[in-house]
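Please look through the following report with the sequence and the model at hand. It is written for a reader who is meeting this structure for the first time.

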Amino acid sequence: MQQQHRQPELVEGSLPVFVFPNELIFYADEQTSHKQVLTLYNPYEFALKFKVLCTAPNKYTVVDATGAVKPQCCVDIVIRHRDVRACHYGVYDKFRLQVSEQSQRKALGRKEVTATLRPSASQELPSPKTQDEERRIKEQFADSEFFEQTAFQTESRPVAGGPSLLTVLLGLVCMAALMLPTLGEQESTVPVYLHLSVNKKLVAAYVLGLLTMVILRT
């Protein structure tokens, strides 16, 4: 009789969490650096669910702050810095990725990633953190409180305010152009100089179609 191999009971906080990179650096003068990606790997034979916490949630937008990772797969977590100001230069924040089994609530493992905003990449040389800096960061976050990023799970979009006045006016002009008689029509009370050629009407119809698409999207 074959014995079933049971997965050992995992102790809370004992599961290694694999995240890359372990540090996020945002540069104020580089717009592209305001968006960073954390990759969470799941090398295990069972699925994991994850949650992203942060010491300063108001400064960042995390897309999909909660989710799941299939066995032996990975997931990308997009983090955007949403408060790029000089008063935040050199301030270290921390993200905590907390993982657990899908059927459990207890956190099986956690990994912390530092994040900092710097003025410019051109003003500094890439160098590893000194021991003093590492100790200062650890002391800074010794009693830090992490908050959930549930309020920023999806990227916010600006509220649509409807089509602009210029778009509406241009649409009315195109409609009026289509209503005018075509060049060559004899029986018309409209002056000849207001008669439009077929090509001009085609252009008006094309522009009107584009404006309609724009209005429908807003």
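The sections below go from the overall chain to single residues and their pairings.

## The model and its confidence

The structure shown is a predicted model, and the mean pLDDT of the protein chain is 78, with 71% of its residues reaching 70 or more. Over residues 1-8 the pLDDT is below 50, and this stretch has 2 contacts in the model beyond near neighbours in sequence. Residues 151-160 also have a pLDDT that stays under 50, and for them the model has 17 contacts beyond four places in sequence.

## Overall architecture

The secondary structure of the protein chain consists of 3 helices and 10 strands, and, read from the N terminus, the elements follow the order β-β-β-β-β-β-β-β-β-α-β-α-α.

Of the 218 residues of the protein chain, 33% count as buried. The protein chain exposes about 14,900 Å², and carbon and sulfur atoms supply 55% of that area.

## A buried pair: K59 and D93

K59 is placed in the loop between β4 (48-54) and β5 (60-63), and K59 counts as buried because its relative accessibility is 9%, which is under 20%. Leaving aside residues up to four places away in sequence, K59 touches R80, H81, R82, D83, H88, V91 and D93.

With one of these residues, D93, K59 forms a salt bridge in which the closest N and O atoms are 2.7 Å apart. This pair links distant parts of the chain, since D93 is in strand β8 (residues 92-101) and K59 is in the loop between β4 and β5, 34 residues apart. Both partners, D93 and K59, are buried.

Side chains of opposite charge can pair when their charged atoms come close. By the distance rule applied here, the count comes to 5 salt bridges, and one of the pairs is formed by the side chains of K94 and E112, at 3.0 Å from N to O. Here too distant parts of the chain are linked, with K94 in strand β8 and E112 in strand β9 (residues 109-118), 18 residues apart. K94 counts as buried at 13% relative accessibility, whereas E112 counts as partly exposed at 28%.

The side chain of E112 also meets that of R96 in a salt bridge, at 2.6 Å from N to O. Because E112 lies in strand β9 and R96 in strand β8, this pair ties together parts that are 16 residues apart in sequence. Through salt bridges that share partners, K94, R96 and E112 are joined into one network.

## K49 in strand β4

K49 has its place in strand β4 and is partly exposed, with a relative accessible area of 28%. Residues up to four places away in sequence being left out, K49 touches G67, A68, Q98, V99, S100, E101, Q102 and Q104. The C-alpha atoms of K49 and A107, which are 58 residues apart along the chain, are separated by 9.6 Å.

## Backbone details in the loops

The peptide bond from F20 to P21 is cis, with omega near -5°, and P21 is found in the loop between β1 (18-20) and β2 (23-27).

Positive phi values are found at D64 and at Q72, neither of which is a glycine. For D64, phi is about 60°; this residue is in the loop between β5 and β6 (66-69) and is partly exposed, with a relative accessible area of 43%. For Q72, phi is near 55°; this residue is found in the loop between β6 and β7 (73-81) and is exposed, with a relative accessible area of 53%.

## A nonpolar patch and the cysteines

L165, V168, L169, L172 and M175 make a nonpolar surface patch of about 480 Å². M175 belongs to helix α2 (residues 165-179) and counts as partly exposed at 42% relative accessibility.

The count of disulfides comes to 0. C87 is exposed, with a relative accessible area of 52%, whereas C174 counts as buried at 7% relative accessibility.

Terms used. Residues numbered from 1 in each chain as written. Predicted model: local features only at pLDDT ≥ 70, side-chain atom pairs only at ≥ 80, totals over all residues. Heavy atoms only, no water. Helix = DSSP H or I, 4+ residues; strand = E, 2+ residues; numbered from the N terminus. Buried < 20%, exposed > 50% of the residue type's maximum accessible area, 1.4 Å probe, protein only. Contact = heavy atoms within 4.5 Å. Areas by Shrake-Rupley, 256 points an atom, 1.4 Å probe, with all protein chains shown as cover. pLDDT = per-residue confidence, 0-100. Disulfide = S-S within 2.5 Å. Patch = residues over 30% accessible without salt bridge, like charges linked within 9 Å, V, L, I, M, F, W, Y side chains within 5 Å. Salt bridge = Lys/Arg side-chain N within 4 Å of Asp/Glu carboxyl O.
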